[in-house]
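Open the model in your viewer and get ready to click along.

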Amino acid sequence: MTEPHVSARPAPPPGPARRPALLAGVPARRETSVAGALLVSVLAASLLVDGFATGRNAGFLILDVAAVALIALPMTLVIVTGEIDLSVASTLGLTSAVLGRLWLAGLALELIVPLCLLLGALLGLMNGLLVTVARLPSLAVTIGTMALYRGLAYVVLGDRAVADFPFSWTGGAVAALPGTPVPWVALLIAGLAAAFGVLLHATAFGRSLFAIGSNADAAAFAGIPVLRAKLWLFVATGAMAALAGVFWTMQYGSARADNATGLELSVVAAVLLGGVSIFGGVGALPGVLAGVLLLGTIRNALQLADVPSDTLTVVTGLLLIVSVVVPNLLARAREHRRRRRSAPAGPG
Amino acid sequence: MLRSPHRAGLAGALAALLLATACGGGTTRESAEEAGGPEATAVADPDAEIPEGLQVAFLPKQLNNPYFTVADAGGEEAVGEFGGEFKEVGPSEATASSQVSYINTLSQQDNDVIVTAANDPNAVCGALNQARQAGASVVTFDSDTDPECRDVFVNQASAAGIAETLVRLTSERIGGSGQIAILSATPNATNQNAWIELMERELEKEEYAGIELVTIAYGNDDDQKSFQETQGLLRSYPDLAGIISPTTVGVAAAARYLSGSEYRGEVALTGLGTPNQMREFVEDGTVESFALWNPADLGYLAAWAGAALAAGQITGEAGETFEAGRLGEYEVGADGEVVLGPPTVFTADNIDDFDF
């Protein structure tokens, strides 16, 4: 264990400590502004874009963001601890390829699905061990496993597609709740989001994640099992990416090694847009859900308005930069004022 | 965090699930039922008028791909002729699932006709069938989906037509005898293998008795790999008289190698290429002729097929016929396929008429 040192990074804002325990670690501003942005874009799209404000379109929108939402939940916790997992889309692809392979081999889907989730957890465990035992930076580790898992997916299934899944599963994946246009997967996402939200914001474990993200050394010094917490988060991320892989495969009715290529960037984008700091220590799950929906809404509305896909990508990119840059500038401005008022507290 | 009782519980639950499925059978490949798309029930009326203002949307594999830009322009020409409204939408990356949200959008916008080239024959199926249930006519071109998910597929050229043309061009160039090789894409590319098989069958004909196919090389549709494979072919078979490369990447890479080597004009190269890629090699004498369907005609025919469907002139059943503007009358074949015709052969004489 290295000697604890005072971080050069500013400590998390003192605000949360004074708020009720249940809300500890929930910084108010960022996610309120994301939720506001979501509300404004939904209202604007409903008024300006033909065909946006229908139940059917809401169903399409939810299905479009479902995989991103599923992975964004554990990713939020990972990024709050100051780590990142870029291998999620490859985990999804490998899961999809394995699902297809096992299906070809004649196994039952009821057996294949738990095996796939287990595989995802193991892939996550590998990331976690490399980060916590080998002490490698997660960015480097998961860039490596991103290539590795995608490569394995091609080893498993090559460049062909397995698509003869029964309609009860493929149609079932995109089915709506009876009497509504809302796909049932929205319920699944809501349930899992509630679970991850409680874990992050209402348990000691969740609070320890913010401490780890603010200053891992200090957290370890305070007796928080930093490495074990991170290990479990990577396992959970792998399992959720696998769940997204199973869903993706059934949603599109096609198991392929290249499924969801590049999706990791959409996930990280949604998490950051949702107000989670890429430096760790700051973030809230409701904000991330709003971020996922905001990206989905903008994409959906612009598509309906026949905006070309290149423009759409540019808009998404700009939005992301704004969402990361603006809070950063605000924080710096606040820090600057604070320092001018009082003498510096620590070195740096 | 998870303590041991939880872990034991999780393991137990998993074990129970495994056991249950192992005993209970479950949903396996063998027990799975067939999925079906909506069945065509309407009866075709060949004399039906194409309605004014038909909304026709082209959804290519990806935007900003020169091949599809030309194909879609052909579609726009046709839509202008029958007085419809044309639009082109699509993803910037040609991935399997990226087209789905565009199909949903088109369906939400109540487009009358969706003309698409599928990145994955199955991934777009659910969305296309939903759009068809909502009233849209669906035409695929260039790359088909599962036949359950569209009304008509406009095939660029029959596989046999491609094989015949390429073998004939090579034979003409090498004087009917000598060793030839094929430079393909990947060993498991469906199209490529179908064409190769048909070329092999074509070569068995009497008139090609003097031609010997010595090997098939794979350039993986990678420019550099194809270049090196060409180099390797000529080293391994010094007497090689001709190369056939039925892939646009392969034929351009092979042409580039030959053009800079002592074999220029000596080894006959032909294949499937685009005029823009091949122009300089036709001009410098490396390549005398090559073939490809005309993508503009492909898009043009696909748009007319869509209009015929929307008007009710055809329903996608074999034997139905429709008019496709300047291309004349076409007949729907088995599985709802409409074949554009034999590939266009490009030579120094006509290459300047094409820009794609």
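**A loop in chain B**

Begin by selecting B:Asp110, which sits in the loop that joins helix H3 (98-108) to strand E3 (113-116) of chain B. Keep in mind that you are looking at a predicted model. The phi angle of B:Asp110 is near 60°, a positive value in a residue other than glycine. Is B:Asp110 buried, exposed or partly exposed? It is partly exposed, because 13 other C-beta atoms lie within 10 Å, and a residue needs 20 or more to be called buried.

Now select B:Asp142, in the loop between strand E4 (137-141) and strand E5 (152-155) of chain B. B:Asp142 is not a glycine, yet its phi is positive too, at about 65°. With 21 other C-beta atoms within 10 Å, B:Asp142 is buried.

**The two domains of chain B**

Zoom out and colour chain B by domain: domain 1 takes in 55-156 + 295-340, and domain 2 covers 159-292. How far apart are the C-alpha centres of domain 1 and domain 2 of chain B? They lie 31 Å apart.

**Helix H7 of chain A**

Move to chain A and select residues 185-201, which form helix H7. Next, highlight the buried residues of H7(A): A:Val185, A:Ile189, A:Ala193, A:Phe196, A:Leu200 and A:His201. They cover an arc of only 105° around the axis, which means that they are on the same side of H7(A). Here is a handy rule: an α-helix has 3.6 residues a turn, so residues three or four places apart point the same way.

Turn to the other side of H7(A) to find exposed residues, namely A:Leu187, A:Ala190, A:Gly191, A:Ala194 and A:Ala195. What do the buried residues of H7(A) pack against? Show helices H2 (55-80), H8 (204-214), H10 (226-252) and H12 (285-304) of chain A, and you will see their partners.

**Where the chains meet**

Display both chains: the contact takes 40 residues from chain A and 37 residues from chain B. On the chain A side, the elements that give two or more residues include H2, H10, H12 and helix H13 (309-341). That side has 19 nonpolar, twelve polar and nine charged residues.

**A last look at confidence**

Finally, colour chain A by pLDDT, whose mean is 89, with 90% of the residues at 70 or more. Then select residues 1-27 of chain A, where pLDDT stays under 50.

Notes. Residues are numbered from 1 along each chain as its sequence is written. Chains are lettered from A and ligands numbered from 1 in the order in which they are written. This is a predicted model: local features need pLDDT of at least 70, side-chain atom pairs count only at pLDDT 80 or more; totals for chains, interfaces and linings use all residues. Helices (H or I, at least four residues) and strands (E, at least two) are DSSP runs, numbered from the N terminus. The expected span of a helix is 1.5 Å times one less than its number of residues. A residue is buried if 20 or more other C-beta atoms lie within 10 Å of its own, exposed if 12 or fewer, and partly exposed in between; C-beta atoms are placed from the backbone. The arc is that of the directions from the helix axis to the C-beta atoms. Two residues are in contact if their C-beta atoms, placed from the backbone, lie within 7 Å. Ala, Val, Leu, Ile, Met, Phe, Trp, Tyr, Cys and Pro count as nonpolar, Asp, Glu, Lys and Arg as charged, and the others, Gly among them, as polar. Domain bounds come from an automatic or database domain assignment. pLDDT is the predictor's confidence in each residue, from 0 to 100.
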